[in-house]
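Student: I am new to this one and would like to go through it step by step. Could you show it to me before we start?
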Amino acid sequence: MENNGGQDETQTILQIFQQHQLKITPQRVAIYQALLNSSTHPTADAIYQIVKKEYPHISFDTVNRTLLTFAKIGVVDVVEVFGGAKRFDPNVASHHHLHCTQCGEITDFEHRAYDDLNVPDDIRRNFKVMSKRVVLRGVCNACRS
Ligand SMILES: [Zn+2]
Ligand SMILES: [Zn+2]
C-alpha cells in the first residue's frame, strides 16, 4: 500500500539534519528513518538489521557511529539501560518510560506532573539538571500473563 506520509517524513528528516548542520547522506537518512519508525527504543544492532536490507554494504560500525553522532548533537536520545547494549530514542521531547524488567520493552508515556518534578535545592547546587525523565520499572502485561 502507498504510504502518503513518506514524502513528508523525508522532508522532516532533512529539516532536522539541516537544523543540526548534519551532513545529509542517504545512509544517515535511512538510519534515522529506521529509528523514527520504531517504537521499541532499538539497539544499534536492531537498526543495523533494518538498514542492511536497503544498504547491504553498510557496516555495523557505520550504523553505530552514526547513532552516537545523532545522540551527541541531540537529534536522538540514548535511553538509560541497566546493563546490555545502548538503546536509542528518536523522541527527544519530554517524556517518561515504562521499563519491563523481564522482556526489556521500553514504552513511552507522558505525564505533566512528572515533567514538572521539583529538583531539591541541594541537588541543584551541585548538579546542573539538563532534563528529567521518570523511569518506572516493572513487569508488562504480556509478561505477567
Ligand atoms: Zn515485558
Ligand atoms: Zn522514549
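Tutor: Let us begin with a term. Rings of Phe, Tyr and Trp (its six-membered ring) pair if their centres lie within 6.5 Å. By that rule, ring pairs link F17, Y32 and F70 into a cluster. Please keep in mind that this is a predicted model.

Student: How many aromatic pairs are there in the whole structure?
Tutor: A search of the whole structure gives five aromatic pairs. One of them joins Y32 and F70, with 5.7 Å centre to centre and 90° between the planes, an edge-to-face arrangement.

Student: Where do Y32 and F70 sit in the chain?
Tutor: Y32 belongs to helix α2 (residues 26-36) and F70 to helix α4, 38 residues apart, and the pair links these distant parts of the chain.

Student: And are Y32 and F70 buried or exposed?
Tutor: Both Y32 and F70 are buried.

Student: What about Y48 and F60, how are their rings arranged?
Tutor: Y48 and F60 also form an edge-to-face pair, at 5.7 Å centre to centre and with 80° between the planes. That pair links helix α3 (residues 44-54), which holds Y48, to helix α4, which holds F60, and the two residues are twelve apart.

Student: Why does Y48 count as buried, and why does F60 count as partly exposed?
Tutor: Buried means under 20% relative accessible area, exposed over 50%, and partly exposed in between. Y48 has 16% relative accessibility, so Y48 counts as buried. F60 is at 35%, so F60 counts as partly exposed.

Student: Helix α4 keeps coming up; how many residues does it have, and how far does it reach?
Tutor: Helix α4 covers residues 60-73, which is 14 residues. From its first C-alpha to its last, α4 reaches 20 Å, close to the 20 Å expected at 1.5 Å a residue.

Student: Which residues of α4 are buried?
Tutor: The buried residues of α4 are V63, T66, L67 and F70. They cover an arc of only 100° around the axis, so they are on the same side of α4.

Student: What follows α4?
Tutor: G74 follows α4, and its phi is positive, near 90°.

Student: Changing topic: which residues coordinate the zinc ion (ligand 1)?
Tutor: The zinc ion (ligand 1) is coordinated through the SG atoms of C100, C103, C140 and C143, at 2.3 Å. The spacing of these donor residues in sequence is C-x2-C-x36-C-x2-C.

Student: Which parts of the chain does the pair C100 and C143 tie together?
Tutor: C100 lies in strand β3 (residues 96-100) and C143 in helix α7 (residues 141-144), so this pair ties together parts that are 43 residues apart in sequence. C100 is buried, with a relative accessible area of 4%, whereas C143 is partly exposed at 25%.

Student: What is the geometry of the zinc site?
Tutor: The site of the zinc ion (ligand 1) is tetrahedral, with angles of 104 to 116° among its four donor atoms. For reference, the ideal angle for four tetrahedral donors is 109.5 degrees.

Student: Last topic: where is V129?
Tutor: V129 is in the loop between α6 (121-126) and β5 (135-138). V129 is partly exposed, with a relative accessible area of 28%. V129 and V119 are ten residues apart in sequence, and their C-alpha atoms are 8.3 Å apart in space.

Student: And what is the average pLDDT of the protein chain?
Tutor: The protein chain averages a pLDDT of 91, and 96% of the residues score at least 70. Among its elements, α3 has the highest mean pLDDT (97) and helix α1 (residues 5-19) the lowest (84).

Notes
Residues are numbered from 1 along each chain as its sequence is written. Chains are lettered from A and ligands numbered from 1 in the order in which they are written. This is a predicted model: local features need pLDDT of at least 70, side-chain atom pairs count only at pLDDT 80 or more; totals for chains, interfaces and linings use all residues. Side-chain values use heavy atoms; hydrogens and water are left out. Donors are N, O and S atoms within 2.8 Å of the metal (3.2 Å for Na, K and Ca); water is not among the atoms, so sites may look incomplete. Four donors count as tetrahedral if all angles lie between 85 and 135 degrees; four count as square planar and six as octahedral if opposite donors are over 155 degrees apart and all others between 65 and 115; anything else is irregular. Helices (H or I, at least four residues) and strands (E, at least two) are DSSP runs, numbered from the N terminus. Buried means under 20% relative accessible area, exposed over 50%, partly exposed in between (1.4 Å probe, protein chains only). The expected span of a helix is 1.5 Å times one less than its number of residues. The arc is that of the directions from the helix axis to the C-beta atoms. Rings of Phe, Tyr and Trp (its six-membered ring) pair if their centres lie within 6.5 Å; planes under 30 degrees apart count as stacked, over 60 as edge-to-face and the rest as tilted. pLDDT is the predictor's confidence in each residue, from 0 to 100.
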